[in-house]
Amino acid sequence: MMRSLWSAVTLAVLLSACDDGGNGRVTAAEYGEVLFNDSRLSESQFNSFSCATCHATTPTPPAGRMDSGYTLYDAAFRESWWGGYETRLLDAVNFCYVNFMRGVAPLSKDSPQSRALYEYLVSISPSPSAPARPFTVVKDVVEVPRGDRARGQQVYAEACQSCHGAPHTGAGRLTELASILPEVTNDYGTLFPGVPKSLVVIEKVRHGQFFGVGGNMPLYSLETLSDADLGALLTFMDL
Amino acid sequence: MNRTMGWMSALALVLSGCDEKVARVLDVTPPEGLDFAHEEPWKEASTLPPPGPGGRIIITNSLDDTLSLVELNTVGTPGFRELARVPVGLNPVELEGPHHSAVAPAGDFYYVGISNYVPGGGSGPHGAHGTGADDGYCLKLDARDNRLVGSVRVNPNPGDVIISADGNTLYQTHFDTLKISELARQNRPESEMNANLAIIDARTMTRKDMVEVCPAPHAVRLSADERTAYVACWSDEVAIVDLTAQPPAVTREKVAAGAGGAVTPRHQPYALTLSPTSGEVWVSSMASRQVQVLNPQTRKMMPERAVPLRGPPMFGAFTSDGRTLYLPYQLVDAVAVIDPETGTVQREVSLSEAGCLNVHQIMLTPDERVGLVVCEGDHVGPGTLHAVDLAEGTVLGTVEVGIFPDSVNILWGQP
């Protein structure tokens, strides 16, 4: 109790010392940006994802990023999200929040965090309306032609590494819950007897946690990862 | 340790530059005096108005996870078209198979079954998706904005769903033919193939009871006093559920002499239509292509009253005086106009020329002048909704809807 009080006093002192000459207040959009980038938006102790893990916020994604989610620039006033299957922005956000960020309960419409996140999304959405973005889920998992190894290495670096870390070691991975690639496939012969390991990897990439797969990895649609790049990735992983 | 580290980090951030917003927000806890620029958070751009007193037709499209909405008062006008097609379900990634709907009498909510049965819904090493092996749900949606406000998990393969007159109780069957085939493969007895009738509190969306009724129960209808539920069972039976007993008591009546069972049905009862005046239960049997009649007093079938048709009969509708039964049937894709007293087919309204394929259900408008008929289509392309002038026997209009529509209902809004 005393420690909390002391902390609060300290925070107040720090903040007052930080007055920028204006009213000293943080805008909701600024606070929302912090939340956007902070995995602690989710109360789950097992979560390591923030919104920024899967989404850029610039008109086009920065070089070197191949996210499973679209950039959220101009996303606030899209006609729909998730390929037309979410028609409300908060529902679209909460689908991520609950399924990928392990949020215990959806964000409510009126909580300060929720409102601030909305204001940040609006602040990076200058267009009053924007068309929906396509989101093609690969329903039936089938093999893909293999591709160029060097391209596959690049795909790994841009799409996989931020969560899974360096290949073979997992060095720098976002969380220990993220498997080490491609070593995780060593068990697939036992877990999926008779099934090519590559097919299990393709399923994980294309279905994420859905279709009965499990875990909390987002899925890659055809728009966010082409079959050609997936084939190159498999070549790089010797699968 | 963590707390100390956190404060040290915070201090470092503050000292590193006061204009850094992250330094002014030291935690995900909201800062004091937060200024919100938008009075209405998460403002929605949708301009779809709520249903009005003119009514709104709602159709479940079971293979594309959508609802087709059509304004009822456009029937017979050039404006008879799909107002909107809205997604429905718990998951925007997987197809979940919305199956049938029930509308609250007050018009404030409606309910949709989620079957998780979508052939070709997806596959991979973890297995095929949408095979009906997963549990289903009953969803509660706000009629004003089609927003999900509640759900309850039920058993695999939800079939029909209906609501009590007071709007407080839902009855949902489970058309679990997968259970029949799985257990038959294991040579298990038919007694193990029964599926449940879920009785659900519509206000709280909690299960009040799960009543074991019969193998693959599909259509469910309530008697006028709501003391009895009748259920069409794939096992060539009608289950009669005494809802006044605690727990509800089930008796079963074969639809005909020499009927089959769950594994080898000869009739395949699928749909039910109740007479509003006599209470007779008209049983649509797909395999035997006849409508069979159950006497609600004796609780026995009346074989002499059975009406043969040229194709599998589906969900029909009575006029409020009980003197006419409109019964759609497949193969020919027509609506048979039946005199229930004599059992004669007085005439037929052909729908195939209007584009109907695999007719599924007819619902009458309140003035009983128009039949709203939904046709499944080929289960790949769009299905159709037809407005039929019942007196003239003509199709007033046709609307393309989603894939494999399987129910039609009407939402009534407030003036």
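## The S5–S6 pairing in chain B

In this predicted model, strand S5 (residues 109–114) of chain B runs antiparallel to strand S6 (residues 135–142) of chain B, and six bridges join the two; strands count as paired if DSSP finds at least two bridges between them. Within this pairing, Phe109(B) has Asp142(B) of S6(B) opposite to it. Strands here are DSSP runs of E with at least two residues, helices are runs of H or I with at least four residues, and both are numbered from the N terminus.

The pair belongs to an open, antiparallel sheet of four strands in chain B, ordered S4-S5-S6-S7. Strand S4 (98–103) and strand S7 (148–156) of chain B form the edges, each pairing on one side only. On average, neighbouring strands of this sheet are turned by 20° against each other with direction ignored, the axes being lines fitted to C-alpha atoms.

## The fold of chain A

Chain A contains nine helices and zero strands, and along the sequence its pattern reads α-α-α-α-α-α-α-α-α. Of the 239 residues in chain A, 43% are buried, a residue being called buried if 20 or more other C-beta atoms, placed from the backbone, lie within 10 Å of its own, exposed if 12 or fewer do, and partly exposed in between. Among chain A contacts between residues at least 6 apart in sequence, 59% join residues at least 24 apart, where a contact requires C-beta atoms, placed from the backbone, within 7 Å of each other.

## Leu177 of chain A

Leu177(A) is found in the loop between helix H6 (149–164) and helix H7 (188–191) of chain A. Leu177(A) is classed as partly exposed because 14 other C-beta atoms lie within 10 Å.

## The contact between chains A and B

Chain A gives 56 residues to the contact and chain B gives 39 residues. On the chain A side, two or more residues come from each of helix H1 (2–17), helix H2 (28–36), helix H4 (89–99), helix H5 (112–123) and helix H8 (197–207), with H5(A) giving the largest share, eight residues.

By class, the side of chain A that touches chain B has 31 nonpolar, 10 polar and 15 charged residues; Ala, Val, Leu, Ile, Met, Phe, Trp, Tyr, Cys and Pro count as nonpolar, Asp, Glu, Lys and Arg as charged, and the others, Gly among them, as polar.

## Basis of the model

Residues are numbered from 1 along each chain as its sequence is written, while chains are lettered from A and ligands numbered from 1 in the order in which they are written. The model is predicted, and local features need pLDDT of at least 70, side-chain atom pairs count only at pLDDT 80 or more, and totals for chains, interfaces and linings use all residues.

Definitions and conventions. Axes are lines fitted to C-alpha atoms, for helices over the stretch in contact, and angles run from 0 to 180 degrees between N-to-C directions. Two residues are in contact if their C-beta atoms, placed from the backbone, lie within 7 Å.
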